[in-house]
Amino acid sequence: MRIANLEGRLVILTDAGAVDVERASEGKFGPDPQAIYDCWPEFAGWAASAERGAAEPYEAASLGAPAPAPRQSFGIGLNYSAHAQEAGFDVPDQPSVFTKFPSCITGPYGDVKLPAGGHTDWEVELVAVIGTKAWQVAESDGWNHVAGLCVGQDISERITQFATNPPQFSMGKSFPGFGPIGPWLVTPDEFADPDDLELGCSINGEEMQKGRTSSMIISVPLLVAKLSAILPLLPGDVIFTGTPSGVGVGRKPQRFLSPGDELVSYVEGIGELRQHLVG
């Protein structure tokens, strides 16, 4: 199943178009894309068996974030060995966790304003959205708490990030528009192996990053286990799971985003994001 946020309304996407959930369910489920995670098991059961009604054509530019207002939004740093090395850090044996404040989350397409005088970087990521509350769950049960997966960009302002010692990751990664996710949410059962997906990004058509999620140091189900060992993961929470190597700050010479750049990010079996950078 693929669900999306179409002009602020929850829809199921099919090959024929978009099915409005509130209308198709005759009001059993509301139109709010974020609210559906609070009743995810009931919704998923209905969507698997119900007559969904007629699908309608839609414009991709009208899609918003499939989890637009999570209560908690987690970022995982240094979750690929090659990225840890290019960033000059030791490879961690525990999740390196920061917050991307939820106000930075935006949809899959559109403009992102670059902070003046900054060094703004790219980080393509697989994003997991929680479907049912996870509290002290085992790794073997981790996927059962995930509603689905999206493409994400952990856009990062490096001057702000490294302005203090230790770095203030959350502030540098939470400017408006710095958390695009989408273009829709894909449930884990859609993948032959949800633990092994290609992901990458390009700038103006030039490949910057390419990797596989099977190279993550801490997998999605293990992240769910380790995070939920400390605090409850709530329905609709968002986890940016880390980025492979190829970011701008690790290049020689370093490279950062500029006004006019088009940043395209993808994950195999999901889709792509397109951000246009403006000054």
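Colleague: Is Phe29 buried or exposed in this model?
Modeller: The model is a predicted one. Phe29 counts as buried, because its relative accessibility is 5%, below the 20% cut-off.

Colleague: And what about Trp46, buried or exposed?
Modeller: Trp46 also counts as buried, with a relative accessibility of 13%.

Colleague: How many aromatic pairs are there in the whole structure?
Modeller: A search of the whole structure gives eight aromatic pairs. In one of them, the ring centres of Phe29 and Trp46 are 5.6 Å apart and the planes meet at 55 degrees, so this pair is tilted. The pair links distant parts of the chain, with Phe29 in the loop between α1 and α2 and Trp46 in helix α2, 17 residues apart.

Colleague: Which residues form a cluster through ring pairs?
Modeller: The cluster consists of Phe29, Tyr37, Trp40, Phe43 and Trp46, linked by ring pairs.

Colleague: Which residues of α2 are buried?
Modeller: In helix α2, residues 40–49, the buried ones are Trp40, Phe43, Trp46 and Ala47. They lie on the same side of α2, because the arc they cover around the axis is only 130 degrees. Ala48 and Ser49, on the other side of α2, are exposed.

Colleague: What covers that buried set?
Modeller: The cover over the buried residues of α2 includes strands β1 (2–6), β2 (9–14), β11 (146–153) and β13 (179–186), together with helix α1 (21–24).

Colleague: Turning to the core, how many residues does the largest nonpolar one have?
Modeller: The largest nonpolar core has 72 residues, and Ile3, Ile12, Tyr37, Trp40, Phe43, Leu149 and Ile270 have the most contacts inside it. Strand β10 (residues 124–130) gives the largest share of this core, six residues.

Colleague: What does Ile270 touch, leaving aside its neighbours within four places in sequence?
Modeller: With those set aside, the contacts of Ile270 include Arg2, Leu126, Leu149, Trp184 and Phe191.

Colleague: Which side chain does Gln161 join through a polar contact?
Modeller: The partner is Arg158, and the polar contact between the two side chains is 2.8 Å. Beyond its neighbours within four places in sequence, Gln161 is also in contact with residues including Pro167, Phe169 and Lys173.

Colleague: Is Phe169 buried or partly exposed?
Modeller: Phe169 counts as partly exposed, at 21% relative accessibility.

Colleague: Finally, which ring does the charged end of Lys100 sit over?
Modeller: The charged end of Lys100 is over the ring of Phe240, 5.4 Å from the ring centre.

Note on methods: Residues numbered from 1 in each chain as written. Predicted model: local features only at pLDDT ≥ 70, side-chain atom pairs only at ≥ 80, totals over all residues. Heavy atoms only, no water. Buried < 20%, exposed > 50% of the residue type's maximum accessible area, 1.4 Å probe, protein only. Helix = DSSP H or I, 4+ residues; strand = E, 2+ residues; numbered from the N terminus. Arc of directions from axis to C-beta. Contact = heavy atoms within 4.5 Å. Polar contact = N/O pair within 3.5 Å; in protein donor to acceptor, adjacent residues only side chain to side chain. Core = buried A, V, L, I, M, F, W, Y, C linked by side-chain atoms within 4.5 Å. Phe/Tyr/Trp six-rings, centres within 6.5 Å; stacked < 30°, edge-to-face > 60°. Lys NZ or Arg CZ within 6 Å of the ring centre and 35° of its normal.
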